[in-house]
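Grab a pencil and keep the structure open beside you. Each exercise below sets a task, then works through the solution.

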Amino acid sequence: MQDFGKLFRENNIIFVTLALCLVFFLISPRFLSVDNMSAISRQIVPIGLIALGQFFVVVSGNIDLSMGMGSVLFAIVLGVIFGVTGGVALGIVAVIVFSLAFGFVNGLLVAKLKLPSFIVTLAGLFIAQGLSGLIIPRGQQIFLMGGFFRFVGAEKYFGFYASFLFLVALFALAYVVYNHTRWGAYVIAIGNSEENAKLAGINVDRVKIGIFMFSALCSGFAGVILSSRMGFVQPGLDGNGLLLDGIAAIIIGGTLILGGRGTVTGAFWGLLFIGVTNNALNLLNVTDVWHQVFKGSIILAALGANYVLWQSRQAEAQ
Amino acid sequence: MADITAPQRRSFSLDGLTLRYAVLVGLIVIASIGFSMANENFYSMTNIGILLRSISVLFLVSMGMTFVMLTGGIDLSVGSNVAFSGGVGVVTLVSTGSPWLGFAAAILAGMAIGWINGFFIGKLQLSAFMVTLATFAAARGLALVIYDADSINVHDPVFLWLGGTSWGNLPVVIPFVALMFVALSILLYKTTFGRDVYATGSNFNTAFVLGRQPGRKLIWVYVLTGALAGLSAIITVGRVSSGQPWTGLYLEFDAITAVILGGTALAGGRGKLLGTILGVLLYGIIINGLVLTGTNPYLQSVIKGAILLGVVLLDTYTQRGKA
């Protein structure tokens, strides 16, 4: 019995997500149809990319509030380069370079100047939002036509969307990096105690800059995939909603907000949880206005639950 | 008690603060002159009245944010809270017909969100930006639910009085804000609660060991900020004669920038309400001026972000120079 308790505690998010799926299935059998599952897998890709970026940022004890609006901005960079030159590859390269540069500046300000990450990235949020509207005037769109965008937006392999497979591959890569490389250990060490990490000879600044660059790159991918699916780019998209979903996913997945604790698999299950709830809320015709109430409450509940679990672990350890 | 505040006062050199306030006043003058050259209407008495009234909410919210930031925290939920508590107030007013019940409901609703923030931050010791990011979403959502995503017109003269009435060119709300400034100054500088706010921000653990109950003080600080958000909601409704679900969007961002401009340290424990007043004035004049000169709203957004980043950078450099 005790074993089961432990199993549940360690994997609570898996049980909760599966239980949720069962409930939704009982309410609406359409929920478990192949079409719907496939739709969920596509919907979660941009959220998952944001979540993956935030995962490393949060484990290191920071936050990156700029990346929801960031992905809107990066999508617009893609649209403009594509619209002007007609070159897809050039557009993608531009997104990668631009997002890495954005993340580099965030990381530099946080690491070298020791500024709190939420202030730096809050300012970044506004700058990204403003730039996106300055590059393309509000109300204007740039259409993304061509094989590449169709491929990213709708191509399937063995019944899975290409973008979903890309997301899974990236999560697998992140799993390996986080659990089996020195860099992953450094991120955890910095999240536990920056002082100790420094004393242990870790180049803290470089790792932090890397974390923010990775977060921005993920957000760049999210922008590309989101806009390919829609077939156009325009300013004024709800970047903050995307960010909130991404952060909710990793907190629900058990990432400790104080830093230093979290698992990639947990983050993935948290992502599935968010994807399933988003989908079910739409399927059950819950009006949009309730979504935000629900998201905020879920984050608060998960924050509280993580804290209680963390305390009970501390107590067990003593 | 003295043990906590004494070193606090010493490290807080008065010259630095006076200098900062002088610079702020100078910048306020320069910004006013600049914008009045760009737009001749800037200096009319009517516009000054409009300006002060439009930033009255920012004054109140920023004073609350000053308390929060003095404890080393942050409150990202105030803007959403203004919309939520306004919604509760307006709906109570419409359904009961009593403006006084409406006032009470708005302030209590604001305090309720503040209490949730305070509980998670003070009691459970969770990070302030994360907790208030969650209530930022939840309170905005609740506001949308209450209003059913539409605005509600308000006609009750008592409910609209505070935000909507003027004595000649002087909006009623200006003396009210001044009154609140005095009241909050007494609370911050003349009571043990105020000293505990500084102590909590300077060193939470020391405050705890000395029995100042910093966790409980944190809860009250967020409740206070919530109450001020409720008051701001009443003023906002009075200004436009209707309650709107999207009101106060990004208000928290403006408040944080104004408080930092006013010299309150991000790390907590250092800062004054007077600085916040000057910070709000300068920031308000800049924002108002950008609107009056017809600046592209997206450019305004970039400028706002740049101001926040610039001030934080400047503070970091000057403080490091002293150390």
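**Exercise 1.** Work out which residues of helix 12 of chain A are buried, and what they pack against.

*Solution.* Start with the buried residues of helix 12 of chain A: A:Gly239, A:Leu242, A:Leu243, A:Leu244, A:Asp245, A:Gly246, A:Ile247, A:Ala248, A:Ala249, A:Ile250, A:Ile251 and A:Ile252. Here, buried takes 20 or more other C-beta atoms within 10 Å of a residue's own, exposed takes 12 or fewer, and partly exposed is in between, with C-beta atoms placed from the backbone. That puts 12 of the 14 residues in the buried class, so helix 12 of chain A is mostly covered.

A word on the ground rules: this is a predicted model, in which local features need pLDDT of at least 70 and side-chain atom pairs count only at pLDDT 80 or more, while totals for chains, interfaces and linings use all residues. Residues are numbered from 1 along each chain as its sequence is written, and chains are lettered from A and ligands numbered from 1 in the order in which they are written.

Next, the packing partners. The buried residues of helix 12 of chain A pack against helix 2 (12–27), helix 3, helix 4 (67–85), helix 13 and helix 14 of chain A, plus helix 7 of chain B. Contact means C-beta atoms, placed from the backbone, within 7 Å. Helices (H or I, at least four residues) and strands (E, at least two) are DSSP runs, numbered from the N terminus.

**Exercise 2.** Describe how helix 3 and helix 13 of chain A pack.

*Solution.* Two packed helices are described by the angle between their axes and the distance between the axes. For helix 3 (residues 34–59) and helix 13 (residues 264–283) of chain A, the angle is about 135° and the axes are 8 Å apart. That makes helix 3 of chain A oblique to helix 13 of chain A (under 35 degrees is roughly parallel, over 145 roughly antiparallel, 65 to 115 roughly perpendicular, and the rest oblique). Among the residues making the contact are A:Ile40, A:Ile44 and A:Phe55 of helix 3 and A:Leu271 and A:Ile274 of helix 13 of chain A. By class, the contact of helix 3 with helix 13 of chain A has 11 nonpolar, six polar and no charged residues (Ala, Val, Leu, Ile, Met, Phe, Trp, Tyr, Cys and Pro are nonpolar, Asp, Glu, Lys and Arg charged, and the others, Gly among them, polar).

**Exercise 3.** Sort out what each chain brings to the contact between chains A and B.

*Solution.* Chain A gives 33 residues and chain B gives 33 residues. Helix 6 and helix 14 (288–317) of chain A each supply at least two residues of the chain A side. That side has 23 nonpolar, nine polar and one charged residues. As for helix 6 of chain A, 17 of its 19 residues are buried, so it is largely enclosed by the rest of the structure.

Definitions and conventions:
Two residues are in contact if their C-beta atoms, placed from the backbone, lie within 7 Å. Axes are lines fitted to C-alpha atoms, for helices over the stretch in contact, and angles run from 0 to 180 degrees between N-to-C directions.
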